[in-house]
Amino acid sequence: ADNGALLSPRLLLLALVALASPTHAADNGEALLPPMGWRSWNCFYADISDAKIRSQIDALTKPHDANGTTLKSMGYASIGIDEGWAGCSPVHYANGTPAIDAARFPDMRALVKYGHSKGIKMGFYLNGCGCHETVEKRINYEGDVRATVAWGFDGVKIDSCGAQKNMTLYYELFNQSSRPLAIENCHQGRNITDGGNPEQMGPGWCPYNTFRTSGDTVNLWDRVISNLMTVVPFLQPPNAAPPLS
């Protein structure tokens, strides 16, 4: 669901630490600095719509003083659509294309274009938790990538709850597409009870631009700090000697 320990605005310092880590991320020219912006989950959870996303795009680009200062001019220049856009019956059509809840999002491509018209980068969300898809299919990976690119998104967050959990395959397919995207692994870090996958999360292995090292964050300081501490295993290269005490 939400950004966990990496991309939360409160944890920008953590993102800077992660950039200095020996873990090597994807080299596709994206997310060279910590991404800054707004994502829908912590505000609306799954109760999102075209209108709500447009209102947040407007909020980032609305002047707030006589100098025309906007959140976008301060660097908050991205919007992330999270859980709540998908149709669940089916989750994917037979050709692998992900189904959209048309009542909430009548024209996803037009929504992305609206964001771009305001100078905002638009982020998508895949492999979500709300529809409880259980059968993994390569055609669904391909459909997810095809739709994300066709709708014009600039980044994608890939969660751990759906059936498609092979981050390597997702990355390879996105890399073969015509559009470079900032790819975020949202697989809950390592040894996390809500879906962590140690096989695809470890120091020195990162075929995506950013990854989270914890479960969800909430508006509690102890949760922020506990999430922050989950980066510790990633601050040394594999097989490194333990630090001197």
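Rings of Phe, Tyr and Trp (for Trp, its six-membered ring) form a pair if their centres lie within 6.5 Å, and a pair counts as stacked if the planes are under 30 degrees apart, as edge-to-face if they are over 60 degrees apart, and as tilted otherwise. By this rule the structure holds 8 aromatic pairs. In one of them, the rings of Trp38 and Phe44 have their centres 6.1 Å apart and their planes at 70°, so this pair is edge-to-face. Another is formed by Tyr208 and Phe211, with ring centres 6.3 Å apart and planes at 70°, so it too is edge-to-face.

The model is a predicted one, in which local features need a pLDDT of at least 70 and side-chain atom pairs count only at pLDDT 80 or more, while totals for chains, interfaces and linings use all residues. Residues are numbered from 1 along each chain as its sequence is written, and side-chain values use heavy atoms, with hydrogens and water left out.

The chain has 8 helices and 6 strands, where helices (H or I, at least four residues) and strands (E, at least two) are DSSP runs numbered from the N terminus. Read from the N terminus on, the elements follow the order α-α-β-α-α-β-α-β-α-β-α-β-β-α. Of the 245 residues of the chain, 46% count as buried, a word that here means under 20% relative accessible area, with exposed meaning over 50% and partly exposed anything in between (1.4 Å probe, protein chains only). Among contacts (heavy atoms within 4.5 Å) between residues at least 6 apart in sequence, 73% join residues at least 24 apart.

An α-helix has 3.6 residues a turn, so residues three or four places apart point the same way. At the start of H5, a side-chain oxygen of Asp107 comes to within 3.3 Å of the backbone nitrogen of Arg109, and just after the helix Gly119 takes a positive phi of about 80°.

In soluble globular proteins, nonpolar side chains tend to be buried together. Trp85 forms one aromatic cluster with Phe124, Trp151 and Phe153, and, leaving aside neighbours within four places in sequence, the contacts of Trp85 include Ile48, Pro98, Phe105 and Met108.

Glu184 is found in strand S5 (residues 182-186) and is buried, with a relative accessible area of 4%. The side chain of Glu184 makes a polar contact with the side chain of Arg39 at 2.9 Å; such a contact is a pair of N or O atoms within 3.5 Å, where within protein one must be able to donate a hydrogen and the other to accept it, and residues adjacent in sequence count only if both atoms are side-chain atoms.

Arg104 lies in the loop between strand S2 (78-80) and H5, and at 29% relative accessibility it counts as partly exposed. Although Arg104 and Asp50 are 54 residues apart along the chain, their C-alpha atoms are separated by 6.1 Å. A polar atom of the side chain of Arg104 lies 2.5 Å from the backbone oxygen of Ala46, and the side chain of Arg104 also reaches the backbone oxygen of Ile48, at 3.5 Å.
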